[in-house]
Amino acid sequence: MRVPVLVVLSVLGVACGYSSGSGLRGPSNNGIRTVRVTAVANDTYRQRLEVDLSAAVSRELAVSSDLLPGGSDADAVLELRILDERERTLVIGTRTTAPVREGAQETLVQVRLTERRTGKVVVDRTVTDRAEFRDPLGETLTTARQEMVADLARKIVLALEPGF
């Protein structure tokens, strides 16, 4: 009785479009199982953003993909280059409140996954994210940055999927 139920559940899962893993499995994965995450550049004035982002991507790899973070002998190198970062004022405050009532931080990151042994570029994409903050709700540019880094890390790992 268990076997037919498992088969039906498996077929239903596939039919609904569910999938798991990084998408680098199978013949096109180039044997990639481990990935070293490096921040190669931060072309913005926002200091240490690349450090926070690299750490978040390493954590997200282990959570949201079948890839594992690796060291210098990893199968591939994931290079992150922060191309642009901007703060935006969405709603100006008054003199009695904070100068910014609502703002946002936006970041653009180049994501490049390169096979370590051959130097072949497997993925080369840009990923962007924007996080808002609202002063009346106790949110700040710092909380927006934390949210944005977490969201960017998820998007970067998803960018390793084919067809992203």
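Trainee: Is Glu-132 buried, partly exposed or exposed?

Mentor: Glu-132 counts as partly exposed, because its relative accessibility is 26%. Buried means under 20% relative accessible area, exposed means over 50%, and partly exposed is in between, with a 1.4 Å probe and protein chains only. Keep in mind that this is a predicted model: local features need pLDDT of at least 70, side-chain atom pairs count only at pLDDT 80 or more, and totals for chains, interfaces and linings use all residues. Residues are numbered from 1 along each chain as its sequence is written, and side-chain values use heavy atoms, with hydrogens and water left out.

Trainee: Which side chain does Glu-132 meet in a salt bridge?

Mentor: Arg-130, at 3.0 Å from N to O. A salt bridge here is a side-chain nitrogen of Lys or Arg within 4 Å of a carboxyl oxygen of Asp or Glu. Arg-130 is partly exposed too, at 36% relative accessibility.

Trainee: How many salt bridges are there by this rule?

Mentor: Eleven. One of them pairs the side chains of Arg-145 and Asp-52, at 2.9 Å from N to O. Arg-145 sits in helix α3 and Asp-52 in helix α2, so the pair ties together parts that are 93 residues apart in sequence.

Trainee: Is Arg-145 buried or exposed?

Mentor: Arg-145 counts as buried, at 18% relative accessibility. Asp-52 is partly exposed, at 36%.

Trainee: What about Arg-154 and Asp-151? How far apart are they in helix α3?

Mentor: Three residues, so about one helical turn separates them. Arg-154 is partly exposed at 40% relative accessibility, and Asp-151 is partly exposed at 23%. Elsewhere, salt bridges that share partners join Arg-46, Glu-85 and Glu-87 into one network.

Trainee: Let's zoom out. In what order do the elements run?

Mentor: From the N terminus on, α-β-α-β-β-β-β-α. That gives three helices and five strands. Both are DSSP runs, numbered from the N terminus: helices are H or I with at least four residues, strands are E with at least two.

Trainee: Which residues touch the most other members of the largest nonpolar core?

Mentor: Leu-53, Leu-78, Leu-80 and Ile-156, in a core of 29 residues. A nonpolar core is a set of buried Ala, Val, Leu, Ile, Met, Phe, Trp, Tyr and Cys residues joined through side-chain atoms within 4.5 Å. Elements that give two or more residues to this core include β1 (34-42), α2 (49-64) and β3 (76-92). Helix α3 gives the most, with seven residues.

Trainee: And what is Leu-78 in contact with?

Mentor: Leave aside its neighbours within four places in sequence. Its contacts then include Val-35, Val-57, Val-111, Ile-156 and Leu-160. Contact means heavy atoms within 4.5 Å.

Trainee: Last one. How many residues does the protein have, and what share counts as buried?

Mentor: The protein has 164 residues, and 34% count as buried. Among contacts between residues at least 6 apart in sequence, 70% join residues at least 24 apart.
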